[in-house]
Amino acid sequence: MAGRFVTLLAYATYAYLEQIRLDREIIFSAFLNDWGIDGVNNLQHLGMTYIKIFDNKAIEFGDAFLELTKFEKNEILNMDISHILHNLLRLHRDILECMKSQENSLIFTKELEPREVRIIQKITGDEKLIFLNEVPNSRIDEKFPYLQALGLTEMSGVAFYSAADHRLIKANETYLNFLDEPFNKMDNCIGKRIDEIISGYKGSKAEEIWEDVFNTGKAGNIRESRFDGYKRGITYWDSCIIPIYEGGKIKYFVENATEVTERVLNRQKIEEQNKLIIEQNKKLEAILHNTANGVFVLSKDNRVHIANGEVRKYIYDYADYRNKGDIKYYDSESREMSSDNLPSSKALRGETVKNLFVTVKTPENTINTVGCARPIFDENGNVESAVLYIQDVTELVQSKEKIQKQDMQLEAIINNMSDAIFIFDKDYKCILKNQSAHNFEAYLESNFYDIVNNMKYYNFDGSEIALEDTPVFLVRDGQRVIDKVLSIKAKQKDIYVGVSGTPIFDEKGNFSLGVVVCRNISTHIKFEKDMRDKQEALIVAERREKEALENAIKIKDEFLTTISHEFKTPLTVINAAIQTIYSLYESELSENVKKHLKRIHTNYYRQLKLVNNLIDMSKYREGHIQLVRQDVDIISMTGEIIKFIQPISMQKGVYLQFDSDLESKVLAIDEEKYERILLNLLSNAIKYTPSGKSIYVNITFKGQYFVLTVRDEGLGIPIEKHECIFEHFVKVDTSLTRLTEGTGIGLSLVKWIVSALGGSISLESEVGVGSTFAVTLPVIKSKIKSTKKSKDKIGNGITHAAAIEFSDIYF
């Protein structure tokens, strides 16, 4: 036995000294042929890389093998040898094939590091020995250190492939992220062929280029190559494939890849947007020239660049706005205005003008206008032009003047009437009376209160009239009194009076005012009929006044709605201009300009929100609210909205969480209305919740209803505002130093929408603790299925709605 060991040591020493010209496998083969497996006990001392196998189980390992593969002995002891070789070491060939081949074999360590080895197998009886001798100086990291450095940059995807069979040897994290699951994990792709880890590789343009590099030996470059194989759809790539030679043959490929899908799609999108902008400009021009109001763009030197035909009514010299000829301008007080105070001049100074009343007098006619103007700034923040919108309100002004004239006439009529007119409130306090009423009080030597409460009234037959049946009390009770004749006894004076009275109710049907008309008919009883006609005339005049007032209110509402709609046109132009600037000149913009553009865009969303709210307020007030109920998963939909809003809340440092007592629930609801309810409640919650606090959104189901709850840890709402918080233009914080913008319309619109959906909304709040809004809505099923939308489209829709709803929050 000792002699055998000496011989073995001689073999090992010889192999070490002659390593360059004699392959180690000759030593192993010679040893195994001479001494068999029994001599393996001494291989451990010689640092041999071997596995001993019995019944296809690994029963012994050389320390050098464990050091080479980085596996612990207890991890692989008694494990099936096929599993060790092909699954753990990722050997892709059979042992006999490896031994017959003239090429080295590639295995991978536990840490997925590649190792180039020569494999030898010796079988004696029921036992086998497999040697995996690492090829000297074959480690890739040592041979190509620059590749390791390149892979660590993570700036682009870098992968190292074998040339023979295109197997992935190494790759950085960026390259792995390009791959579909599960191959985007190192453990699932190392050692696999490229056609295994990239679906659709076979027959693709990429395969042609790889084969061309292999056949020609020259590096291949691909620019914006389209690839359809990934699950995520069509992608575009810039890549470079470099062959690496060893021994005069291509042994490896290095691929440096960068995904440029976004760049290509953005360019394609820009091209489409340019086409769309051209088309929109054509439509805008058509709209501009067909609008009923004057719209024009004025340059800094007061020259008209763009204008529709209506502008000729307001600009005397159309070619040159400075040459105003004999035009005169007057304000709402009929004072002459200098050119510096006109909307155009203000806008060219950088001011925004809203609803400025100007009377334009030309040699031909006089026009009353309401003008709006907004400056347009260049990239340096300097005014380069102005957009003006002028509406002809001459008819409206004439109607207003007519109403004022009628009011004056009516006042003159009332004050010159011989009847005493008293107007009193619900507390019997006289708030208005004419001259005859003063004379009536003087005649009776009493004031209105005493006349009502302390005097006695009698019928013609002499019977006393109870106080609650007197005309003033009947009117206060909501009854009309017409030509009631009665007598009054006061301070030795007995007079007959004819009394008429009428109550005036508010919009809720409650008593607001009472009008009582009295006349002394003691000496004029014979003129009773004539006096009754005068009373009827007075009632007609009052009715006309009321109708005129109602008509004025209607005109006001219509004007507000029209203005709101018209605001959308310049807002759309502003948004399109900003998008065009970003699309065409973003790379040329300074950070300061981008900051101003972002501020403009934010204010665009604020104005759009105000306009939308005003329009919706008018529609909802008139009952024009349309619902489109569709079956949707309310839990999934709410979760998607919360997911898109969470980044916005985190900008303020506010944590947003969502929970529900069900995983899924399909019900019929108007998606757009529900989204608006949730976004408004979240917007208010984020506004008034300090950084570091949380907002909790929860959905619970109770019978035939579900409850959406939005609870914040914000400032809270004073209890005195709990009732009015859902009314128009009510804001919690009205101080000059408030931290947020808002008009106080949002919650009133939410209440309208909730009511239209058949639900209710409630509030619980405590100052300094937070607020909880609970929206209760019915669970309804519908036969209309919801239209499925992609997550991108859903995201774009929510993003746009959120941009509008959250535009008045300061971060």
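A crossing of two helices is left-handed if the near helix is turned anticlockwise from the far one by less than a right angle, and right-handed if clockwise. The structure discussed here is a predicted model.

Q: Is the crossing in which H22 passes H23 left-handed or right-handed?
A: Helix H23 comprises residues 746–756, and its axis lies 10 Å from that of H22. The two helices pack at an angle of about 145°. The crossing in which H22 passes H23 is left-handed.

Q: How do the residues of the contact of H22 with H23 divide into nonpolar, polar and charged?
A: From H22, the contact takes in Lys-673, Arg-676, Ile-677, Asn-680, Leu-681 and Asn-684. Their partners in H23 are Gly-746, Leu-747, Leu-749, Val-750, Ile-753 and Val-754. By class, the residues of this contact are seven nonpolar, three polar and two charged.

Q: At roughly what angle do the axes of H21 and H22 cross?
A: H21 spans residues 634–651 and H22 spans residues 671–687. H21 passes H22 in a right-handed crossing. Their axes come within 11 Å, and the angle at which they cross is roughly 35°.

Q: How many nonpolar residues are in the contact of H21 with H22?
A: On the H21 side, the residues are Ile-634, Met-637, Thr-638, Ile-641, Ile-642, Ile-645 and Ser-649. They meet Glu-671, Tyr-674, Glu-675, Leu-678, Leu-679, Leu-682 and Ile-686 in H22. Two of the contact residues are polar and two are charged, while the number of nonpolar ones is 10.

Q: How far apart are the end C-alpha atoms of helix H12?
A: H12 has 12 residues, 205–216. At 1.5 Å a residue, the helix should therefore span 16 Å. The model agrees, with the end C-alpha atoms apart by 16 Å.

Q: What arc around the axis of H12 do its buried residues cover?
A: The buried residues of H12 are Ala-206, Glu-207, Ile-209, Trp-210 and Val-213. They lie on the same side of H12, because the arc they cover around the axis is only 165°.

Q: Which helix is included in what covers the buried residues of H12?
A: Strands contribute to the cover, including S6 (157–162), S8 (220–227), S9 (235–246) and S10 (249–259).

Q: Which residue follows H12?
A: The phi of this residue is positive, near 75°. The residue following H12 is Gly-217.

Q: Is Arg-90 buried or exposed?
A: Arg-90 has its place in the loop between helix H5 (81–88) and helix H6 (95–100). Its phi is positive, about 60°, although Arg-90 is not a glycine. Most residues other than glycine have a negative phi. Since a relative accessibility under 20% is required and Arg-90 has 13%, Arg-90 counts as buried.

Q: What is the relative accessible area of Leu-112?
A: Leu-112 is in the loop between strand S3 (105–108) and strand S4 (114–124). Leu-112, which is not a glycine, has a positive phi of about 65°. Leu-112 is buried, and its relative accessible area is 13%.

Q: Which residues does a cis peptide bond join?
A: Most peptide bonds are trans. Here, omega is about 0° at a bond involving Pro-182, in the loop between helix H9 (173–178) and helix H10 (186–189). This cis peptide bond joins Glu-181 and Pro-182.

Q: How many helices and strands are in the chain?
A: Of the 811 residues in the chain, 43% are buried. The secondary structure of the chain comprises 24 helices and 30 strands.

Note on methods
Residues numbered from 1 in each chain as written. Predicted model: local features only at pLDDT ≥ 70, side-chain atom pairs only at ≥ 80, totals over all residues. Heavy atoms only, no water. Helix = DSSP H or I, 4+ residues; strand = E, 2+ residues; numbered from the N terminus. Expected span 1.5 Å × (residues − 1). Buried < 20%, exposed > 50% of the residue type's maximum accessible area, 1.4 Å probe, protein only. Arc of directions from axis to C-beta. Contact = heavy atoms within 4.5 Å. Axes fitted to C-alpha atoms, helices over the stretch in contact; angles between N-to-C directions. Nonpolar A, V, L, I, M, F, W, Y, C, P; charged D, E, K, R; others polar.
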